[in-house]
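Subject: Structure for your review

Dear colleague,

Please find below the structure that I am handing over to you. My notes on what was found in it follow directly after.

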Amino acid sequence: MTAQVDYLVVVFTATSGASGDLLGSDEKELVQLVWQLVDVKNKKLGKVNELLIKPDLSDLTEEKEEEDVVEESVEQENGSGADCVYKAPSVDKALNMFHLQLTNEVNSAGAGTSVCLCTDGQLHIRQVIHPEAASKNILVPDCFYSFFDLRKEFKKHFPAPDLKALNVHTMAECILLTRHLFTLTLHVLLPVYALQVMSSVVLALLSEPFCHTFSNPERVSEKFESGTCSKMEKVCDNTVIRARGLPWQSSDQDIARFFRGLNIAKGGVALCLNAQGRRNGEALVRFVSEEHRELALQRHKHHMGNRYIEVYKATGDDFLKIAGGTSHEVAMFLSREDQIIVRMRGLPFTATHEQVLAFFSPEDELKETCPVSGGKDGILFVRYPDGRPTGDAFVLFACEEHAQCALRKHKEILGKRYIELFKSTAAEVQQVLNRYSSTPLISVAPAPLMPVLPTVSLLPPPGGVRDCLRLRGLPYTASIEDILTFLGEFTQDIRPHGVHMVLNQQGRPSGDCFIQMTSAERALQASQRLHKHVMSSQRGANSRYVEVFPCSAEEMGLVLMGGSLSGTGLSPPPCKSRRLSPPSYSFTPAPPVLPPEAAAALYPPIGQVVLAPRPLPPGHAYYPASAQLYMNYAAYYPSPPGSPNTLGFFPSPSSIASPGGLVRMPGLTYNSNGVKELINAVQGYQYAPEDAFMHAHGPVHTHDPTRTLLTQPKEWVCI
């Protein structure tokens with residue numbers, strides 16, 4: 001709208017709370033709406049119309065009821081009466097009545113049809129009418145989506161330092177209206193009188209010498225437009241806010257509804273994710289201008305449902321870190337307009353496009369069908385940099401109806417796993433892809449606190465015999481029995497105590513395992529036969545495909561000790577795809593804290609450090625010789641990246657007179673499994689076979705002050 005309008009509708013609103021520059025900041029309800037029609041061509045004023053609006057009594061607390069009683073008494077004094085309040089229409093009916101009466105009045109005038117609202121500032125439309133209508137799911141008439149800000153129009157002829165400094169009084173004083181009217185409104189600022197002053201200001205601007213033309217009104221966005229944002233784009237710091245306390249299931253449309261009345265930039269809502277990839281209740285919102293950002297900050301602690309939302313200032317860099325992207329694949333995926341995005345989480349790693357399409361459009365006629373927009377092109381799988389799937393995917397749907405139908409399939413089964421479905425946004429797609437593409441597969445271990453020993457080279461010589469297997473991607477609930485079942489006929493080729501499970505820093509299975517085989521030929525055959533076969537766990541319903549690679553004993557020892565295979569000249573395990581090669585475990589070297597002279601004085605020479613456990617005396621059987629056991633060496637081989645760079649055992653000082661020493665171990669758990677756990681604890685140290693003591697009847701009680709210890713029999717049985 002660039003030409004002069006035929007009619008201006010001067011509008012003034014009042015709420016049950018604050019007024020002036022704080023109008024709408026306290027989230028109070030609209031209680032009064034007054035307006036007056038101005039004939040722009042003939043410069044005539046219509047009659048003053050007034051509507052009282054009944055508040056929603058179902059949401060009133062006792063405090064608000066007391067405030068209403070006070071307001072009713074004031075209205076009685078002014079001649080309105082309490083009966084008028086309770087007979088007044090609700091806000092949705094009042095807005096429709098306003099639109100209907102305005103249309104009838106314009107049609108009766110017959111001098112034109114173009115109409116636009118005119119208000120004193122932005123608050124009446126953006127902070128009062130639209131937010132309340134959004135919170136109550138009320139459809140606002142079209143006339144409330146465009147309006148003239150009288151302060152901005154007035155500033156074109158009377159420059160002012162700040163729009164906030166302008167109000168009805170200052171504008172009337174500048175134009176030199178009648179002193180009587182000015183004095184009246186100065187002392188009693190009621191909506192009707194304020195409206196009359198505004199109408200007089202409008203007539204003064206239309207008349208000579210100003211002859212002002214009302215064109216290019218303010219616009220209110222009817223809907224939020226999704227879109228993409230590049231990391232190279234410049235975002236102004238004065239247009240971004242951070243919203244906290246959002247419900248975890250809220251979408252970008254819900255956030256746009258919370259800020260209804262304010263214009264959000266295209267793709268300007270970015271939901272934040274935590275370290276686990278889940279929404280953390282925060283979002284960054286980018287507005288079209290600083291003015292709209294300042295109005296958004298006034299909605300601090302306004303409510304979204306039953307939760308209040310905190311609104312703070314943010315920067316453009318904060319927004320780009322969350323919403324900015326560089327992937328061409330994501331840009332093509334998000335380039336389609338009017339598409340609704342649904343996020344799938346927990347997919348099997350072997351899931352394909354056809355399985356996802358069948359999940360949303362099953363052949364069973366009894367189940368709901370929600371076709372994916374674009375077929376295979378409407379599905380985006382999230383992958384690690386090496387191409388491995390993460391279990392996440394994003395799916396496009398053409399309309400809200402199909403998206404809601406898809407969300408009803410939440411926690412249905414695809415393959416052997418239930419799938420979680422969430423309504424997503426373009427910014428979340430960028431954030432998830434950025435996170436997986438930038439995060440290293442293996443985190444770097446922190447430097448030791450006291451790195452005093454000189455660095456010892458543990459690199460194995462290249463070209464070792466690959467008589468070991470490395471299994472990667474095991475189910476976290478997999479036991480040694482599950483691994484033996486997975487190996488099948490190759491179980492008989494495993495060396496005694498040749499299964500080494502790897503644990504992470506928290507002591508939980510890391511999904512890796514090393515197996516020592518009797519020959520390199522059998523290790524190669526096992527890797528070729530079992531690579532990417534599925535392993536099931538007896539303790540859980542989950543199953544995963546396992547990657548199997550041959551490796552040498554030196555490489556196995558180096559990796560388990562926390563070393564790195566990169567730069568050693570050792571070729572990666574042979575496999576069909578290079579990107580499936582196991583990642584290397586690298587550690588940043590730490591500078592020594594003590595000089596070499598001081599370290600030599602405190603610690604024995606490096607030649608005395610034994611890098612392998614001492615062999616036990618022959619003939620001492622820990623377990624019955626008839627059973628072949630596969631021992632878990634997770635304690636002996638710590639899992640990277642938490643393991644130290646070197647692992648050594650120091651010999652006992654020769655100054656001790658006796659050949660051995662007695663170690664007391666108080667505080668054992670009550671459910672201890674016996675001597676087997678003690679052997680694991682002291683593994684790598686020599687001890688006499690007959691010198692193991694356990695209390696015969698479990699934990700020592702308080703009535704046994706002597707803490708009697710009984711000798712354990714020499715022949716032990718595996719418990």
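A helix here is a DSSP run of H or I with at least four residues, and helices are numbered from the N terminus. Please keep in mind throughout that this is a predicted model.

Cavities

Rolling a probe the size of a water molecule over the atoms shows where empty space is left. In this model the count comes to 4 cavities of 30 Å³ or more. The largest cavity has a volume of about 40 Å³. Two helices, α3 (91–109) and α4 (123–135), each supply at least two residues of its lining. Helix α4 gives the largest share of that lining, namely 4 residues. The residues that line the largest cavity are Leu-30, Val-91, Leu-95, Val-128, Ile-129, Glu-132, Ala-133 and Ile-138. Sorted by class, this lining has 7 nonpolar residues, 1 charged residue and no polar ones.

Strands of a sheet pair through backbone hydrogen bonds, either parallel or antiparallel. In this structure, 5 strands form an open sheet with antiparallel pairing, in the order β21-β22-β20-β24-β23. Because β21 (494–503) and β23 (533–536) stand at the edges and have a single partner strand each, one side of each is left without a neighbour in the sheet. On average, neighbouring strands of this sheet are turned by 30 degrees against each other, direction ignored.

The antiparallel strands β21 and β22 (residues 509–517) are joined by 5 bridges. For Ile-494, the bridge partner in β22 is Met-517.

Two helices accompany the sheet. Helix α16 (residues 480–487) lies across β20 (468–472), β21, β22, β23 and β24 (543–551), and runs at about 150 degrees to β23. Helix α17 (residues 520–530) also packs on the sheet, where it touches β20, β22, β23 and β24. The direction of α17 makes about 150 degrees with that of β24.

A loop residue, Asp-56

Where is the place of Asp-56? Asp-56 sits in the loop between β3 (44–52) and α1 (62–77). Its relative accessibility is 28%, so Asp-56 counts as partly exposed; the range for that class lies between under 20% for buried and over 50% for exposed. Leaving aside residues up to four places away in sequence, Asp-56 touches Glu-29 and Lys-136. Asp-56 and Glu-29 are 27 residues apart along the chain, and their C-alpha atoms are separated by 8.3 Å.

With kind regards

Definitions and conventions
Residues are numbered from 1 along each chain as its sequence is written. This is a predicted model: local features need pLDDT of at least 70, side-chain atom pairs count only at pLDDT 80 or more; totals for chains, interfaces and linings use all residues. Side-chain values use heavy atoms; hydrogens and water are left out. On a 1 Å grid over the protein atoms alone, a cavity is a set of points where a 1.4 Å probe fits but cannot get out, and a pocket is an open set with protein on both sides within 12 Å along at least five of seven lines; lining residues have an atom within 4 Å of a point. Grid points are joined across faces, edges and corners, and a volume is the space filled by probe spheres set on the points. Ala, Val, Leu, Ile, Met, Phe, Trp, Tyr, Cys and Pro count as nonpolar, Asp, Glu, Lys and Arg as charged, and the others, Gly among them, as polar. Two strands pair if DSSP finds at least two bridges between them. Axes are lines fitted to C-alpha atoms, for helices over the stretch in contact, and angles run from 0 to 180 degrees between N-to-C directions. Contact means heavy atoms within 4.5 Å. Buried means under 20% relative accessible area, exposed over 50%, partly exposed in between (1.4 Å probe, protein chains only).
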